Amino acid sequence: MKMNSRAWLLTTAVMFAACQKVPITGRSQMNMVPESTMISMSLTNYKDYLKEHPPVSSGDANYQLVSKVGNKIANAVKTYMAQQNLSDRIKGYAWEFNLVNENTVNAWCMPGGKVVVYSGLLPITQSEQGLAVVLGHEIAHAIARHGSERMTQGLLVQLGGIGLSTAMSQKPKETQDLFNQSYGVTSTLGILAYSRKQESEADKMGLVFMAMAGYDPSQAISFWERMAATGGTKPPEILSTHPSDASRIKAIKEYLPEAMKYYKK
């Protein structure tokens, strides 16, 4: 069935409007999910998650460290966006950092700046610098709108191309699962090479953000070396949503000279 000229123009206009440039890397991305909608969804999901996984108290020393590092990087993001006339990209962000006492080596950031760090990650970060590597990386995912990008892809592939509002009303559980997968709350394979591209992009952006926050981006090398040394059987890179440890460290070393330009001790 041929598309008439009016439908073609409308589709082209929608696709054009959905094309965006990722800050720092300049990569073009397709995102058909409104950021305001994603921020609203993240606020609800974040609150629900913390009800089921109560965070440690604000008086806890590790919580204070997470909050300190997170807010320094958030301020660096605000500065970078203002310098690049991109402040609208973080409109509606209300930064919040929580530490959940679970032996899980993970952290994530939802749209709107809603962040969770798991206590199981702290023995590997080891220091304020190491924590800055992780938070810079996770915050970069949100700033790059990787989750929204994956939601767009998921709506097209997993839910048959229906719109977000339709998905939420007709397939609420599937939409909820897709949201959690898109923001790293759970793990899934998905489109492998695409996810690895997002991970590598978040590495680069995270190095810039941590550098602007006053943290040495070269510390990312030792952090990922410690991650690599945690052991366990890892799938080949082609079967992983993340770059292999060796590939990631190599790429970070190659990007370091650029990231160091932003480093202010």
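Colleague: How do α5 and α10 pack, at what angle and with their axes how far apart?

Modeller: In this predicted model, α5 and α10 pack at an angle of about 85°, and their axes are 9 Å apart. The two helices, α5 and α10, are therefore roughly perpendicular to each other, because an angle from 65 to 115 degrees counts as roughly perpendicular.

Colleague: Which residues make that contact?

Modeller: On the α5 side the contact is made by Gln129, Gly130, Val133 and Val134, and on the α10 side by Gln219, Ala220, Phe223, Trp224 and Arg226. Sorted by class, the contact of α5 with α10 has five nonpolar, three polar and one charged residues.

Colleague: Staying with α5, is that helix mostly covered or mostly open?

Modeller: Helix α5 is mostly covered, since 14 of its 16 residues are buried.

Colleague: What comes after α5?

Modeller: Arginine 145 follows α5, and its phi is positive, near 60°. This arginine 145 sits in the loop between α5, residues 128–143, and α6, residues 146–157.

Colleague: Is arginine 145 buried or exposed?

Modeller: Arginine 145 counts as buried, because its relative accessibility is 12% and the cut-off for buried is under 20%. If we leave aside its neighbours within four places in sequence, arginine 145 is in contact with Gln20, Gln29, Asn31, Glu35, Asp88 and Arg89.

Colleague: Which residues of α10 and α11 meet?

Modeller: Ala220, Ile221, Trp224, Glu225 and Ala228 of α10 meet Asp245, Arg248, Ile249, Ile252, Lys253 and Leu256 of α11. By class, the contact of α10 with α11 has seven nonpolar, no polar and four charged residues.

Colleague: And alanine 246, where is that, and is it buried or exposed?

Modeller: Alanine 246 is in helix α11, and at 58% relative accessibility alanine 246 counts as exposed. Alanine 246 and glutamate 225 are 21 residues apart in sequence, while their C-alpha atoms are 8.7 Å apart in space.

Colleague: Where does glycine 214 come in?

Modeller: Glycine 214 is found in the loop between α9, residues 192–212, and α10, and with a relative accessible area of 23% glycine 214 is partly exposed. Not counting residues up to four places away in sequence, glycine 214 touches Tyr263 and Lys264. The C-alpha atoms of glycine 214 and tyrosine 262 are separated by 8.8 Å, although these two residues are 48 residues apart along the chain.

Colleague: Changing topic to the strands, what can you tell me about valine 100?

Modeller: Valine 100 is in strand β3, residues 96–100, and with a relative accessible area of 1% valine 100 is buried. Not counting residues up to four places away in sequence, valine 100 touches Tyr49, Leu50, His53, Pro55, Val116, Val117, Tyr118 and Ser119. Valine 100 and leucine 50 are 50 residues apart in sequence and 8.4 Å apart in space, C-alpha to C-alpha.

Colleague: How many helices and strands does the protein chain have?

Modeller: The secondary structure of the protein chain comes to eleven helices and five strands, and buried residues make up 46% of its 265 residues.

Notes
Residues are numbered from 1 along each chain as its sequence is written. This is a predicted model: local features need pLDDT of at least 70, side-chain atom pairs count only at pLDDT 80 or more; totals for chains, interfaces and linings use all residues. Side-chain values use heavy atoms; hydrogens and water are left out. Helices (H or I, at least four residues) and strands (E, at least two) are DSSP runs, numbered from the N terminus. Buried means under 20% relative accessible area, exposed over 50%, partly exposed in between (1.4 Å probe, protein chains only). Contact means heavy atoms within 4.5 Å. Ala, Val, Leu, Ile, Met, Phe, Trp, Tyr, Cys and Pro count as nonpolar, Asp, Glu, Lys and Arg as charged, and the others, Gly among them, as polar. Axes are lines fitted to C-alpha atoms, for helices over the stretch in contact, and angles run from 0 to 180 degrees between N-to-C directions. Angles under 35 degrees count as roughly parallel, over 145 as roughly antiparallel, 65 to 115 as roughly perpendicular and the rest as oblique.
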